[in-house]
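These are my notebook entries on a single protein chain. I set down what I looked up, entry by entry.

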Amino acid sequence: MKIRSVSKTCLRLLCALVLLLSVAPGGAARAAESVNLPLKVALGMAISNNLDLRVDALDSSLAAADMEGSQSIYDPVLSFSANHGQTFYTGETYGTKDTSSSLGLTQYLSTGGSVTASARAGYTKPVSDFPDDDWTDWYTSVGISIYQPLLKNFGRETMELNISLAEYDHKASLEDFRDSVSETVYSVIKAYNRLFTLRQVLDSKEDALNSARQLKENIQRQDAPGEQQDVEIANTEYAISQRLKELVDAERAIKDQEAKLRYLIGVADKTTLIPVDPPSREEPMETLDQAIELAQEQHAELKQLRLDLKANELRERVSKRKLLPNLGITASGGVRGLDDRFSDSVDQMGQGKGRWWSAGLQFSMPLGNTAAESDYRMKKLRTRQLQSRLTATEWKIRDYIEADMRALISARVQIQVTDKAVQSAQQRLDRYRASLARKTSTVQNLLDAESDLLYARNSQVAALEDFANAVALLWKDAGVLLEREDIHIETADPEDLTAEPRGFPSAEQAVATVSAATPEATPEQSAASARVAQQVTQAILKNAAEEQKEEHNKPSLEQEIKPAATGQSVAKAEPAVKAVAAQAPAAAVAYRLRIGEFIAAELPRVRRLIRAAGLQPQQAEGEPHSQFVIRLVLGDFSSLGPAKSALEQLAGSGADGFVLPHGVDGYRAYAGSFFDRAGAEREQQRLAAKGLTLSLEETRVKLPTTLVTVGPFSGQQAARQVVTALEKKGLRPTLQQAPSTTQ
């Protein structure tokens with residue numbers, strides 16, 4: 001069982017951060033003074049290191065162990081017994097002694113019955129003082145017996161009740177674990193955004209303090225002593241003291257927030273964390289109705305309640321069956337032998353002389369059956385209770401989503417308002433500075449204007465933080481936060497989620513790798529080791545950044561529609577093909593795998609899958625692919641300028657606008673292109689909520705494609721092994737003979 005918690009890029013970033021935190025000058029593993037922390041790295045560290053998640057992961061593992069243990073009802077039961085005893089009869093001087101042993105194997109059936117196979121052997125001898133009473137009777141038997149209930153305990157549901165309940169508990173624990181991961185991710189996003197905002201606030205307060213100090217110096221340099229200058233200096237000194245206090249408060253708030261974030265991501269050292277990613281401005285792709293529909297399907301609390309309801313409905317059905325009488329059928333049969341020698345007794349069994357069989361019915365029922373009736377009534381009431389709770393929770397989740405949408409709309413408006421406020425406050429400050437230079441305003445006016453600008457800037461960054469948090473909360477309540485953050489969890493073995501990521505060094509391994517050559521390092525050698533670690537970290541971060549850029553900078557649909565440069569892809573592909581071909585033995589027949597022809601939007605995913613299999617994809621120009629697309633029409637215009645101006649309506653909406661020639665001399669502006677009508681209609685509805693009226697246009701376009709291949713490989717068997725590996729990744733390669741490379 002395997003688990004993947006985050007993408008390869010995130011894991012590489014995590015490894016880079018481990019190196020930064022682990023290696024420092026001096027040859028010892030200690031925390032760096034400060035670390036630039038990307039959000040993806042923070043999320044990866046939280047999933048790997050968060051202590052609360054480890055507890056939840058162990059809860060899920062316990063449920064998995066309980067589920068495995070419930071299967072033990074079908075484990076065969078082996079039994080063995082051996083007995084020896086003597087019997088003396090009242091008033092007599094002799095008796096008998098008996099020795100026997102038995103071996104049995106019982107298998108329980110899914111119908112509620114059981115089958116037992118048994119063998120028994122033993123002998124009886126007299127206990128007497130008379131020599132003539134010396135005889136031995138050996139008895140042996142082999143048989144099989146069957147018991148099958150017909151009413152009360154009949155059926156798979158009754159027999160496997162504990163198995164089914166354990167499976168429901170395990171599924172519920174997985175949903176609870178997934179919910180815990182989602183909650184942790186949301187908490188990290190909030191804490192990360194808060195820390196970023198607080199650092200922005202700190203920078204603003206430092207600028208305000210420096211400005212007040214500079215203003216005081218300017219006043220003191222003025223050759224105009226007197227009461228007015230004293231008043232202005234007093235005003236600036238008061239402003240400096242107030243801003244110093246605010247600066248101290250801001251620094252303390254940052255320290256407190258760093259402690260929260262360090263706990264969430266599992267960093268024990270007092271490392272200064274510097275968030276480098278500002279709060280996201282990404283707009284949610286879901287409308288209100290879509291978000292509610294997602295939440296009704298994906299919310300972890302609803303999933304757990306539905307599992308609880310199914311489990312109790314099963315208990316109710318089994319409890320109803322318990323009201324029936326206990327009626328069962330029994331059957332047994334076999335062969336036995338009896339003789340004065342053990343071997344003769346066994347021979348009699350082989351000859352079938354001692355055959356025996358029996359069959360019958362067993363019936364029992366408690367008079368009144370009060371306990372079973374009470375239990376059934378409780379199960380029915382519990383089912384009704386869970387149904388009501390499920391309905392109430394669905395209503396509650398819907399209210400959550402509606403509240404999240406209202407908060408999102410408010411945050412969006414706040415961003416626009418604060419952007420305007422910052423602009424106005426800056427203009428006002430500039431006017432007061434000019435006015436002060438002309439002696440038409442006072443220093444206090446300027447200080448008030450600076451304070452107002454500081455407040456406006458802090459409100460602006462707080463509005464951005466509120467917007468990003470509102471989007472994350474909407475996604476969390478809709479049950480899709482992990483998918484939106486590109487965190488993919490296979491909950492087959494949650495306990496592995498908090499383990500060291502596979503394929504990446506632990507902190508100890510990273511330190512050992514860097515400093516293995518210098519166990520007793522000098523200061524110069526330690527510094528060199530630290531530089532090596534820094535170089536490794538920078539290389540990892542660079543590769544991760546390139547992969548992220550390749551993933552996020554996908555060309556738009558209209559860019560794909562533009563003709564590709566002829567021969568460009570082929571020129572890039574040929575050197576790689578030749579390099580791989582040179583590795584194949586000259587005497588072997590080379591084979592190549594044709595992965596397929598893909599449009600630009602599909603290429604990053606295909607390349608990632610191929611590289612994940614340890615292979616290097618080669619690319620060449622493919623045949624153009626004709627396909628229908630659905631465009632969102634924004635409007636028609638007689639010239640290019642007004643068409644581009646119309647695209648400004650899309651600013652901040654998250655839409656990918658573009659302009660194409662239309663008609664003889666006209667142009668048409670579009671708000672996006674889609675391969676499926678459903679996606680286009682969803683985007684149309686989303687933009688309609690922002691006040692944009694769009695129409696749909698269906699047209700056929702020719703998209704350039706890229707032919708992706710892998711190889712060549714020396715021999716068909718080697719190529720087929722690669723085919724199997726790629727098929728596990730979801731690709732469908734075809735085997736082709738490669739051109740000769742021995743020329």
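Predicted model: local features only at pLDDT ≥ 70, side-chain atom pairs only at ≥ 80, totals over all residues.

**Charges over rings.** R631 lies over the face of Y670, and I noted 5.2 Å from R631 to the ring centre. I then turned to K476, whose charged end sits over the ring of Y186 at 5.5 Å from the centre of that ring.

**Aromatic pairs.** I next asked how many aromatic pairs the structure holds. The count is 2. I recorded each by two values, since a pair of aromatic rings is described by the distance of the centres and the angle of the planes.

Y123 and W138 make a tilted pair, with 4.9 Å centre to centre and 50 degrees between the planes. I placed Y123 in strand β4 (residues 114-127) and W138 in strand β5 (residues 137-149), so this pair ties together parts that are 15 residues apart in sequence. I checked the exposure of both residues: Y123 is partly exposed at a relative accessible area of 21%, and W138 is partly exposed at 24%.

W138 also pairs with F342, and here the geometry is edge-to-face: 5.3 Å centre to centre and 70 degrees between the planes. This pair links distant parts of the chain, as W138 belongs to strand β5 and F342 to helix α9 (residues 342-351), 204 residues apart.

**Nonpolar cores.** Which members of the largest nonpolar core touch the most other members? I found L37, V185, V188, L261, I265 and I401, out of 59 residues in that core. Helix α5 (residues 161-221) supplies the largest share of this core, 13 residues. A second, separate core has 17 residues, and I listed L593, I595, F598 and L615 among them.

**Residue I487.** I located I487 in the loop between α12 (481-484) and α13. Is I487 buried or exposed? I487 counts as buried, at 4% relative accessibility.

**Helix α17.** I went through α17 (residues 603-612) and found L603, P604, V606, R607, L609 and I610 buried. Just after α17, G614 takes a positive phi of about 80 degrees.

**Confidence.** The protein chain averages 76, and 78% of the residues score at least 70. Where is confidence lowest and where highest? I found the lowest in helix α13 (residues 507-515), at a mean of 30, and the highest in β5, at 92.

I marked two segments near the start of my residue list. Over residues 1-16 pLDDT stays under 50, and the model has 57 contacts beyond four places in sequence for them. Over residues 18-32 pLDDT likewise stays under 50, with 38 such contacts.

How values were computed: Residues numbered from 1 in each chain as written. Heavy atoms only, no water. Core = buried A, V, L, I, M, F, W, Y, C linked by side-chain atoms within 4.5 Å. Buried < 20%, exposed > 50% of the residue type's maximum accessible area, 1.4 Å probe, protein only. Helix = DSSP H or I, 4+ residues; strand = E, 2+ residues; numbered from the N terminus. Phe/Tyr/Trp six-rings, centres within 6.5 Å; stacked < 30°, edge-to-face > 60°. Lys NZ or Arg CZ within 6 Å of the ring centre and 35° of its normal. pLDDT = per-residue confidence, 0-100. Contact = heavy atoms within 4.5 Å.
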